[in-house]
Amino acid sequence: SGVPFLVPSLFLLGFGWSPFQAGLMLMPVFLGNLLMKPFTTAVLRGFGFRRVLVVNGLLNALFIALCATFRPGMPVAVMAAVLFVGGLVRSMQFTALNTLAFADVPRAVMPDANTLFSTAGQLANGLGVTLAASAWRLAGQVWPDLPALDIRVAFLAIAVVALVSVLDPANLPRTAGDHVARPARVPSP
């Protein structure tokens, strides 16, 4: 959740773009988010939750870190491509994690689990923005005379958190979530 906060900030404050131009650079992120949705189920069925969460989690961290390489004068198409692929992998990660979170919840407690998960999700979103803003502020204190370096450091901080978050799914059983991703087929009569 720190990425949509940092992307326009980098272009607006670091590159001197107009608010409209900076905001437009979020379009590739959200386009990637939307375009991944139809493929998520097939990917999870084909590769399983653990493999998807680990490999995709590494890609997620990589594409967040690549945002720290953006520089004025860099081709907009290259930056848009990085943001688009980053949107694809973040969408896959969020959907896989959200699906797995409810995989073993009995129907009787699903409303309570949904409430708890929604609350935790909002807290995580706020913490993501808080982490990004804190890293940005701290880096600005350390390197006050280097324009946009502070925002780049914030991207790297978020990438490190994304990288560390891969440790948890790496410890999942190989068959975790299979009953959701690969439901048993009922034989036809």
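## Ala120

Ala120 sits in helix 6, which covers residues 110–142. Helices here are DSSP runs of H or I with at least four residues, strands are E runs of at least two, and both are numbered from the N terminus. The model is predicted: local features need pLDDT of at least 70, side-chain atom pairs count only at pLDDT 80 or more, and totals for chains, interfaces and linings use all residues. Residues are numbered from 1 along each chain as its sequence is written, and side-chain values use heavy atoms, with hydrogens and water left out.

Ala120 counts as partly exposed because its relative accessibility is 40%. The cut-offs are under 20% relative accessible area for buried and over 50% for exposed, with partly exposed in between (1.4 Å probe, protein chains only). Pro8 lies 112 residues from Ala120 in sequence. Their C-alpha atoms are 26 Å apart.

## Fold and contacts

The protein has nine helices and zero strands. Its order from the N terminus is α-α-α-α-α-α-α-α-α. The C-alpha trace spans about 70 × 30 × 30 Å along its principal axes.

Contact means heavy atoms within 4.5 Å. Of the contacts with a separation of 6 or more, 77% join residues 24 or more positions apart.

## Surface and charge

Of the 189 residues, 38% are buried.

The protein carries 12 positive and 6 negative charges. Their mean positions are 11 Å apart. Lys and Arg count as positive, Asp and Glu as negative; His and the chain ends are not counted. Each charge is placed at NZ of Lys, CZ of Arg, CG of Asp or CD of Glu.
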